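User: Could you walk me through reading strand pairing and burial in a multi-chain model? I have the sequence and structure open.

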Amino acid sequence: MPLSDAASAGPALARSYPVKPRAVYLMGTCLVDSFYPQAGMDAIALIEREGVEVIFPQAQTCCGQPAYNSGYDDEARQVARQQLEAFSADIPLVVMMGSCAAMLHKDYPSLFAGEPEEAQAKALAARTYEFSEFMVNVLQVELTDNSQQPLTVALHTSCSARRSMQVAEQHKALVSSLSGVQLVEPQRATECCGFGGTFAVKQPDISAAMAKDKADNIAATGADVITSADCGCLMNISGTLDKQGRSLPVKHLATLLWERSQ
Amino acid sequence: MSSRDRILQRLKNGQSASRQQSSALAFEAVNGSLEVAQFRREFIQNLSDNHAEVIPTSAAELATNVRQLLQDKDIAHCLIGCSAAADALARSVGGLQHYDAALENSELFQQIDAGISFARYGLAATGSLVLETGIDEPRTLSLVPPVNIVILNECDVLADFNQLVQSDDWQQSFSRDNKPSNMLLISGPSKTADIQQTLAFGAHGPKQLYVFLVSDAESAVDEPTAP
Amino acid sequence: MTQIPVTQISAADMAALVDREEHDFADMQRRHFKARAKMSLENEALRASFLGASNFLVGKRKAMFPDDAELSALRNRGEAIRQHTLNNLPDLLQRLETNLTANGIQVHWAETAEEACWLIHNILQDNNARTVVKGKSMVSEEIELNHYLEQRGIECLESDMGEYLVQLAKETPSHIIMQAIHKNKEQIARLMHSRAQTSDGQAVPYSEDVDELIGNARSILRDKFMTADAGISGVNMAVANTGTLCLVENEGNGRMTTTVPKLHIAVTGIEKVVEDFSQVPDLLTLLTRSATGQKITTYFNMISGPKKPGEKDGPEQVHLVLLDNGRSRIFNHDTLKPTLQCIRCGACMNHCPVYARIGGHAYGSTYPGPIGQVVTPQIGGLQKHGDMLSACSLNGACGDACPVRIPLPKLIRELRSEAVNPDVNHLTADSIRQVFNPVLGRGSKRTLGESLIWRGWSLAHRQPWLYRLMTRLLTRGRKLLPKKLGPWTRSRSMPQAAARSLHELVRDRGVANELNSGESQ
């Protein structure tokens, strides 16, 4: 689908987007930080190429979701406060993972309801964008595929990206815009991969059953590479495939886009 | 304080602090897009999809067609209600038993092969028959016999349930003191998919539903129902 | 369990298989949630049943809502109708009572499950009713009515096909709409042959043919409808302005139950009321399309009174029991109140990937799946039912499927928070009501171990220098990480940390740490 169509896709959430800003914050997210840092670097390269300055506050740590989803609201708030401070200037915040973007955009307002930081949290939520959403709807990026090699890519969109941030079309649009890339989606594409953060640890048997089905469906696409904008899902799917002895390379969406369009 | 009082008190306490304004949508129907010209076709299609058999007929031919159906299906004992229309039809068809007094369950369940009912309205969007049960149309007439035959005038087919509840007739029926004690929407023969999602017809209600759609009769709605 | 051809198995062996399933069920129900889930995951036949049913029902619903805009409009309406009910609940209930009474329907109120059973038993006793035939009612399962009545010598036979099968198997429903969804055809065939009996005590011949199976059940139940002293049913919607009870069904047993016996008792939760008939059609279409992918069910039965003078049939008495059983408590919790918007369609569990894999019995409660995870701990308490809350990846498929827009994932998360809440005495102006109406068992799942983990996590993540130290250790020490790490690595390889963190890489690249003053949008 052309990127311009994706920019207006999504029936329910008619979010209004700002014009291209001079500068943005980047939140790497804690998983990108330790496990997929290159994705963050590639995102920065992509954004800077469009003439936008990227600010990466060293004071950022984690959005607070692990504690929040476990019901430990006080602890989640303590960590979330740190992010309110780190991203305090009134510029857009681009987040490298769908689940973290949703935490900030959807849950920070209720997390801080009745707290002194309520207004600040709402303001930050309003200017938080998931990575692909920012690329398509704000930057309206046009990517040229400069790679010589054709590539089949299996796209996995996380549940947070799909349902909370509603950016599944943007993911598809970005991958499809690369002319040498064939996009394939697995069977039961909208079904959860079983990661669910602490779910994988608290209900490992159920999580493993879901992960196995997702891994089977993705392997069955015959793709060369798996891409997603959520590291939790990537770790879950690739880890499962790996353990089964049928590894597939994984790339964060930002890495795929940067590598192909250099 | 009774249970009732305690329950209501708790609810009232809960309400006072967080009472919200209801959305206007609570009273705005999502209207369908069916055009009048499509009613008949839609009605027949939906009923047929649900395994009912719809037999278009005319007022003049109704009795003949009913008699023919009873013969074809080997229906010996057929029950019919007591409205003026029912009386007229019974006279023309012959051999029908009027449901004009309470029946012993053993007779109703074991000796009756079919029941003939009269619908007040049809709903096109869902293929539904609207039956107002009462003195002339007993509830069990369209429930217990294994075959249910329903007479409906085509001019009484409405778009959908929304149109029905918005109608003056419905509003009046339900605002007077003497409300219809059992109003029914019937949209096919009885069925179930409880065994491995496999659809089977003839669960506990009638196994077969035949609908005679009478094209040139006057509206049944003009006929006064028993008070 | 592999399919065993009929000719190779004797009636005695068949009965043994059926008994074994009953035993397995009872055994499973004695265990805790995780064990039940594991047993279900390991039962291949069960998983196949649930996955097959899930796929079927998801597909049917999707086919019924081809137009996104229409679906969205209907869901908005559904949400508005249900929220309107909740905004006016006490008034609507009083109006319902007044109008039902004027119509000749007797209204009773029950605070607890036990009280509801007691009230119903009294009504039966007052009318010398010894045999009851039941229409489908999840509320009657919730209050365990059958058990209560049977203990007091009243025969209580389920008439809905799925409920009838579940009753024969001495189990409980595993789904709120298709109660026997966990059984395949062969299991049902064995069950009918081994345990079903006609009214003259004959066994039913063995058959795997669905039409025959249904036909046999029809004969058996027809006799019961004919002779039962009373019929007990649920209610899908109660219309306050007209005093009308509305019931939805395909089989006809609901109409039988509410029409043939002299006495009809309906039981429902206090949240099932709507204001007037103008709200019924859209709610009905949402219900039938979401539940079983039908434009409408075979019957929509609207009852506004018992038999009138001159009428030939119909019950002589109609009663309604309004059940609270924790609902007024839910009503008082601002965040959890949307729980009561539920119209019991089952779409959430049909779309839940966890339910599709563990099935309904693993939840160990009347209501399974996402709505079960929200309702059950609130009715039965977090101590007993809090464990099921972790069986959710917060993927959101349930919330997306809900016809009345209940934010199920949000409610599940909120209950997790209630379960580990340390502070029952936290008093702020808005929460005084909540202090006296906390979720039952608030804080009962809080453990020292887990709270320390999160305290430690918070400490590490709210001090940037500590966080960066931690990631430095993780990245530098990545080769030293164990290959096995608890449950994660049972089915996955250990992820490898990067050599250097993003924090470090951006610093090397010279990316700005903060916005220069003077820069603007």
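User: Which residue is the bridge partner of A:Ile226 in strand 8 of chain A?

Analyst: A:Val250 is that partner. Strands are DSSP runs of E, at least two residues long, numbered from the N terminus, and two of them pair if DSSP finds at least two bridges between them. Here strand 7 (residues 225–228) of chain A runs parallel to strand 8 of chain A, joined by three bridges. This is a predicted model, where local features need pLDDT of at least 70, side-chain atom pairs count only at pLDDT 80 or more, and totals for chains, interfaces and linings use all residues. Residues are numbered from 1 along each chain as its sequence is written, and chains are lettered from A in the order in which they are written.

User: What is the strand order of the open sheet in chain A?

Analyst: The order is 6-5-7-8, with parallel pairing. Strand 6 (181–184) and strand 8 (250–252) of chain A are the edges, each pairing on one side only.

User: How do I read the two faces of a strand, say strand 9 of chain C?

Analyst: In a regular strand, side chains alternate between the two faces of the sheet. In strand 9 of chain C, C:Tyr299, C:Asn301 and C:Ile303 lie on one side, C:Phe300 and C:Met302 on the other, and all are buried (under 20% relative accessible area, with a 1.4 Å probe and protein chains only). Five of the five residues of this strand (299–303) are buried, so the rest of the structure largely encloses it.

User: Which strand of chain B pairs with strand 9 of chain C?

Analyst: Strand 9 (residues 182–186) of chain B does, antiparallel over five bridges; B:Met183 has C:Met302 as its bridge partner. Strand 6 (residues 244–249) of chain C also pairs antiparallel with strand 9 of chain C, over five bridges, and C:Leu247 stands opposite C:Asn301.

Notes: Heavy atoms only, no water. Helix = DSSP H or I, 4+ residues; strand = E, 2+ residues; numbered from the N terminus. Buried < 20%, exposed > 50% of the residue type's maximum accessible area, 1.4 Å probe, protein only.
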